[in-house]
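I would like to go through a few local features of one structure, and I ask you to keep it in view as I proceed.

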Amino acid sequence: MTPLLESEEHKSLREAVAAFAKTHPHTTNAEDNTRLWQAAAKLGYIGVNLPEAYGGGGAGITELSLVLEELGAAGSPLLMMIVSPAICGTVIARFGTEEQKREWLPPLADGTRLMAFGITEPDAGSNSHRITTTARRDAATGDWILTGRKVFVSGVDLADATLIVGRTEDARTGKLKPCLFIVPRDAPGFERRAIDMELNAVERQFELTLDDVRLPAGALVGDEDAGLLQLFAGLNPERVMTAAFGIGMGRYALSRALEYARERTVWKTPIGAHQAIAHPLAQAHIDLELARLMMQKAAHLYDAGDDVGAGEAANMAKYAAGEACVKAVDQAVHTLGGNGLTREFGLARLITASRVARIAPVSREMILNYVSHQTLGLPKSY
């Protein structure tokens, strides 16, 4: 089945998730959000991409992105789906030891445990090669000792552990050779501070401090010399899932605007009959559909094992979805006029949230850099 046409199985999954999401209306209450996560996990949606041998659905990022998109389209997106099963679950499934897989994959799949992901640093945002979080070995015990800081880490307070990206002490200079470590939330020296965000979301953002955090040798995921391969095994799904998040949010905003445009009457005519209202909404729909096609292509390439092809497509999908999401939200709010800024209609909060799809996990400018250099073969300016 090509990514242009969904299989009957995927259509059925989409319909099932949509029906499920309608029974769980959007909320910014953490307890309700947790119940939604657990209910979705019980139905197999949260771990649909994880291996069957460890309690998952045995499918891929294609199916997981579909789930997140439909939850978002119903107004109930789960941001931690991008992080826990897509990034952390994928990295552990592909590169973890048997012990790590047995410990983490079943509870990640059934929703009883969550894992956060820490890569961004105060001085290493888009330029991840400047990561300074350092891991050194204790020669006497074989333990790892981590030191560093991370910022804008989602849902640390909800997570049982955080997958931290660092670099070994002997690789602090030269090209980035990332290492990934599972850091339990209660590890001595591992501190978190909530960042005060003007973002109305259940999942909060945190700054992390690692002050000589001692971890057993088994905390290292994969090979310390594997370099970027392991990191991008998680970052490509992250971009696909961020695209799904943006597309779902855009579809939700558009659906609210369409409902209003059909019902709101001025001079005995529904405002949706006027081209000044109808055409921008039609354009928003087209942009969202185009972004979905690229997202599906990226997901299919990743699930087929084409990491290089998936990297290009995932970046393009994330870019397209971010732009489409912002435009859809903006037009939805504009369609409702003053009502679009009221709490009753629930669109105003998306004005800020939709920008996340443009900014994180990689800015649209860095994606344009990627396409300029990697796809078009143009020289770098940096």
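**Helix H7 and its surface**

Leu290 lies in helix H7, residues 275-303; helices (H or I, at least four residues) and strands (E, at least two) are DSSP runs, numbered from the N terminus. This is a predicted model, in which local features need pLDDT of at least 70 and side-chain atom pairs count only at pLDDT 80 or more, while totals for chains, interfaces and linings use all residues. Residues are numbered from 1 along each chain as its sequence is written, and side-chain values use heavy atoms, with hydrogens and water left out.

Is Leu290 buried or exposed? Leu290 counts as exposed because its relative accessibility is 51%; buried means under 20% relative accessible area, exposed over 50%, and partly exposed in between, with a 1.4 Å probe and protein chains only.

**Strand S5**

I turn now to strand S5, residues 178-184, where six of the seven residues are buried, so the strand is largely enclosed by the rest of the structure. Which strands pair with S5? Two strands pair if DSSP finds at least two bridges between them. Strand S4, residues 161-168, is antiparallel to S5, with seven bridges, and Thr162 stands opposite Val183 in S5. Strand S8, residues 220-221, also runs antiparallel to S5, joined by two bridges. There, Phe181 stands opposite Leu220 in S8.

**The segment before H1**

Finally, Glu6 is found in the segment before helix H1, residues 8-22. Thank you for your attention.
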